[in-house]
Amino acid sequence: MTETGRNQTRLEPKAGDEDFATFREEGIYYVDKTQYLKPLFSGTNSRFLMLRPRRFGKTLTMSTLRRFLEMDYKNPGNTSKQQELFRGLKVTEDREFCEEHMGRYPVVSLSLKGVKGSGFDDAYDKLARTISNLAKGFSWLDGPELAEDDRDFLNVLVSYKYLRQPVNRGYAEGSLAFLCRLLRERFGDSRKPVLLVDEYDVPLQKAAIAGYYEPMSELIGSMLGDVLKTNDDICKGILTGCLRATKEGIFTGLNNLSVDTVLTQDESLSASIGFTPDEVRAMMDYYGLGSLYEKARSWYDGYSINGQDLFCPWDVTSYVRVLSLSSEPGSIDPEPYWNNSSNTPVITEHMPHLTSEDADRIEELLAGRSIEAEVDEGMSYGTLRLNNLSSKQFWNILLYTGYLTLAKKGAGRIHELRIPNMEVLQCFRENISSYYEDTGPNEYGTLVRNMIDELLEGNAKKAQGSLRTLLRGYVSLRDNATRAPHENFYHGFLNGLLAAAGDYISDFQSQADAGSGYADITFSSYDGGSSVVIEVKYASDAKARLQDLASRAITQIEEKGYAAGLCGDGSDRVIECGIAFRGRECAVRCKELLPAGVQE
């Protein structure tokens, strides 16, 4: 069932609204997920971590929970606000749950998604502001009954000017535990506070990428550890994020932590975050867009949690909003809203570190097939640092952040994964393509330039080493359904390398008319002093020697005179180059054609 606000003020949905009260008060289209408040809050464990992909609705879920639970501090026991906000929603059908929990708790709620920066000082400054804003909401706790030390502590938290100073970092670390203790003392054991922390892992992720992981890990670990571990001042602690950080000290020693992930087999929460097909169809029907449902499905559906088919909410609401505002919605193509909402290039960051097995797996995914990969549900964000990436962490990140989804749960840690939909498929292709097109300071560009220099020098051994490195991590974007000869693929691979070199070379030509035929590839150095002519061969026989095949390629160059025209074009030297391929292996042979045209 899909609900709208009681007083509909605008028809279109709005991606990015994250406050439940705003949805209800302003009449924004709201997909009713309130039936999941009970299993989310009433689980047996007092510490709960929910992991879902980014842009899946975690923040709205936490806002809904806060609005349901939080008491009226001026009039404890008054639930009129909740009664109004939740009127007609599914949670109200469970009267017993509502009577027991609605508006009954002090709530300490904060989001860490904005805690990031170019360095630790910048990120800490943002954390200080977040905590200060949180503490200002509890400044009413100050009063005659408050101990002097507690008053001083609270005053530091409320003052961003003081809290941001590095000397007061200890106050930030103890802030959540401090506020929860004050609330428990104010309202008693029967009303212990609830702690809600949204996007708890964003500071760790950003710090790992930007290079200040250690101090941020210590800070977040201390702040959350103090309030979650052996702390009798809270009745429930609920956190959301994308990845479970197990080695940062946050959850070490936290024996009563319950975790719900994209791999968890808990049916009670499988559809609690994300839109089901029925919910998306109801939304599109509401706006008269039902005929475009299949287009939306192919682009934004395909996520699977415990067998539940799910759409990404950010995509659906963004797409339906654009369609609902258009006079010709059928003419509007879906866009990659999810991919455009993040500036974290997970795929391109890992490209320099791909193993040949990783590259093969990505090609399988791009072809629409699933792959097997090891998934570790507990990992350290420290391993996300660019110089410390591993294959296992790469697949973990892709799964938990939403680039991949579960195709089939396996035994132990080995699971089948797949790309969920057209949007993410396009994201893969664009990220990979842009990486290969950029020959700036990245490792790929350096390897390409090294290989070009080695070919121009006629150094077959070094060129072969560079080419093998490039092949090992190369991901082909070719159409896997075609039956083109293998030579065409490798010819295209070399074309891509040389085309990406841009102005680093000159006179680059593919299938150029030369001698008595067509040379596969020719190019010259930037100054035109040296030229290379390449003939490509593919070893269809698994027993064939690649070096022999590369030598045969040079023989073909000479017999057909592919290099003859280059000798008179001003080049001081011409290198005849035969390259033979099989899978991700290659052999390179080079032979210099002397200026006079005499063979050595």
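Y435 and Y436 are both buried (under 20% relative accessible area with a 1.4 Å probe, protein chains only) in this predicted model. The two residues form an edge-to-face aromatic pair, with 5.5 Å between centres and 65° between planes; rings of Phe, Tyr and Trp (its six-membered ring) pair if their centres lie within 6.5 Å, and planes over 60 degrees apart count as edge-to-face. Ring pairs join Y435 and Y436 to a cluster that also includes Y444, Y474, F489, Y490, F493, Y538 and F581.

The model is predicted, and local features need pLDDT of at least 70, side-chain atom pairs count only at pLDDT 80 or more, and totals for chains, interfaces and linings use all residues. Residues are numbered from 1 along each chain as its sequence is written, and side-chain values use heavy atoms, with hydrogens and water left out.

F581 is also among the residues with the most contacts inside the largest nonpolar core, as are M284, F428, L467, L494, F523 and I534. This core has 124 residues; a nonpolar core is a set of buried Ala, Val, Leu, Ile, Met, Phe, Trp, Tyr and Cys residues joined through side-chain atoms within 4.5 Å. Helix α21 (residues 443–457) supplies the largest share, seven residues; helices are DSSP runs (H or I, at least four residues) numbered from the N terminus. Another core, of 53 residues, lies apart from it and includes L112, A172, Y212 and L224.

M284 is one of the buried residues of helix α13 (residues 277–286), together with P277, E279, V280 and M283. These residues lie on the same side of α13 because they cover an arc of only 165° around the axis, taken from the directions from the helix axis to the C-beta atoms.

Conventions:
Buried means under 20% relative accessible area, exposed over 50%, partly exposed in between (1.4 Å probe, protein chains only). Helices (H or I, at least four residues) and strands (E, at least two) are DSSP runs, numbered from the N terminus. Rings of Phe, Tyr and Trp (its six-membered ring) pair if their centres lie within 6.5 Å; planes under 30 degrees apart count as stacked, over 60 as edge-to-face and the rest as tilted.
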